[in-house]
Amino acid sequence: MLTSAWAQNIEFEEYDLDNGLHVILHQDNSTPIATVAVLYHVGSKNEPPGRTGFAHFFEHLMFEGSPNIKRGEYFKIIQAAGGSLNANTSNDRTYYYQTLPSNQLELGLYMESERMLHAVIDSVGIATQKEVVKEEKRLRVDNQPYGSILEKMLANAYKGTNYEWAPIGSFEDIDAATDQDFVDFYETFYVPNNATLSIAGDIDIKETKKLVEAYFGEIKRGTKDIPRPEIEAPKLDGTVEATVFDNIQVPAVIQGYRMPPQGTEDYYALQFLTQLLSGGQSSRFQKSLVDEKRMALAVQAIPLALEDGGLFINFALPNQGYSTEDLAAEVDKMVEQVKTEMVPEREFQKLKNQIESNFISGYGSVQGIAESLANYHVYFGNAGLINTEIERYRKVTREDLMRVAKKYLVPENKVELTYRPKSEQEQPGETKLKKEGGNR
């Protein structure tokens, strides 16, 4: 059964520096480590058309160094101090973090302040990272089976908006950009007033505040307007269907339904539906399509929650003897069932327990806490949701699941991609096969 209260209370302090940098501090002295994280409120959504891939490019470029950190030394310095580090970019944000022994906290602050104060943006670094990003796209998208799903889904679901392109962007846009284009992007977005510094772990709040002021207080506030495009999902004339020929052996069917922005009431109900249909070995898709009917080799959820929307995605691989049409039709039947039959109370209780367990497990490390505090502040305007958001999930009812299924899991809000081996691309009858379906 769900407990009546959140399992722990994560205490924190937050404040702003004069330059607009938002700072969040969480003290946990149980383990001698600390995470220093910076979330810049810039992702692929903020890129102007013709400059796609910039935010992801900067994720890499800002490891190039500074006037005080030699090129290629950033990782070496942190790792030599016993720390680990990484970064990631989404449609909505760019996030850097370093987890260090707590006696190296000052080093972590110094390294992140150097990145924000005066990262090196020059022709050498730009040329180097262009090749790095191109290789990453080749490995993770172009030559990865089904690797283009995100690109294809966004292009079809959010056409005409800044969610139309994936964070990886395009080679052409990056190659066409000038050095000054990159400098302008840096000066617009990677500034204190567009950043949240989140520090969690074995720290002393009072001393950490002094260090934050010493390393970040001198950085000047950005002076350029920060673009915040409004995303409105375009109207679809029925289900958008597309076939993608890929370097794969097994075909696949991927269904994506546009979701409302994260944090809305309907968003939480849709999280329950994701868990119900595709969350783990006991989910409906797994039990019915994989275990019982053996129509699918695998069925999984790829939920994409975004600041201004998102996608409720189901990914399925047909078993031998079944076509993608067979599998898609069966998935559709199970989606329709949620609209017409109330989820049994016992199954719903299991969902609630699973969601609470997943929620709490995200705070098992100071790294997870630092990231969540930053996310809650930036996306929801309330870092305190780290302790209370679980109540939003608890408010979801069985009736809510049926209601949002009827509202969002509908043909007029759906993109369906069929992935087929490239060997089939030139075969006659491909269109006929797609229309007819049936066993093969």
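User: Which residues does Lys293 touch, not counting residues up to four places away in sequence?
Analyst: Lys293 touches Ser288, Tyr322 and Glu330 under that condition, where contact means heavy atoms within 4.5 Å. Please note that this is a predicted model, in which local features need pLDDT of at least 70, side-chain atom pairs count only at pLDDT 80 or more, and totals for chains, interfaces and linings use all residues. Residues are numbered from 1 along each chain as its sequence is written, and side-chain values use heavy atoms, with hydrogens and water left out.

User: Where is Lys293 found?
Analyst: Lys293 is in the loop between helix H10 (284–292) and strand S9 (296–301). Helices (H or I, at least four residues) and strands (E, at least two) are DSSP runs, numbered from the N terminus.

User: And is Lys293 buried or partly exposed?
Analyst: Lys293 counts as partly exposed, at 39% relative accessibility. Buried means under 20% relative accessible area, exposed over 50%, and partly exposed in between (1.4 Å probe, protein chains only).

User: How far apart are Lys293 and Asn319 in space?
Analyst: Their C-alpha atoms are 9.9 Å apart, while the two residues are 26 residues apart in sequence.

User: Now Asn91: buried or exposed?
Analyst: Asn91 is buried, with a relative accessible area of 3%. This residue sits in the loop between strand S4 (84–89) and strand S5 (94–101).

User: What does Asn91 touch, not counting residues up to four places away in sequence?
Analyst: Its contacts include Gly43, Ser44 and Lys45, as well as Tyr163, Trp165 and Leu306.

User: Changing topic, how many aromatic pairs are found in the whole structure?
Analyst: The search finds 28 aromatic pairs. Rings of Phe, Tyr and Trp (its six-membered ring) pair if their centres lie within 6.5 Å; planes under 30 degrees apart count as stacked, over 60 as edge-to-face and the rest as tilted.

User: Why is the pair of Tyr268 and Tyr393 edge-to-face?
Analyst: The ring planes of Tyr268 and Tyr393 stand at 85°, with the centres 4.8 Å apart, so the pair is edge-to-face. Because Tyr268 lies in helix H9 (residues 265–278) and Tyr393 in helix H14 (residues 385–394), the pair ties together parts that are 125 residues apart in sequence. Both tyrosines are buried.

User: How many helices and strands are there in the chain?
Analyst: The chain has 16 helices and 12 strands. Of its 440 residues, 54% count as buried.

User: What does the C-alpha trace span along its principal axes?
Analyst: The span is about 65 × 55 × 35 Å.
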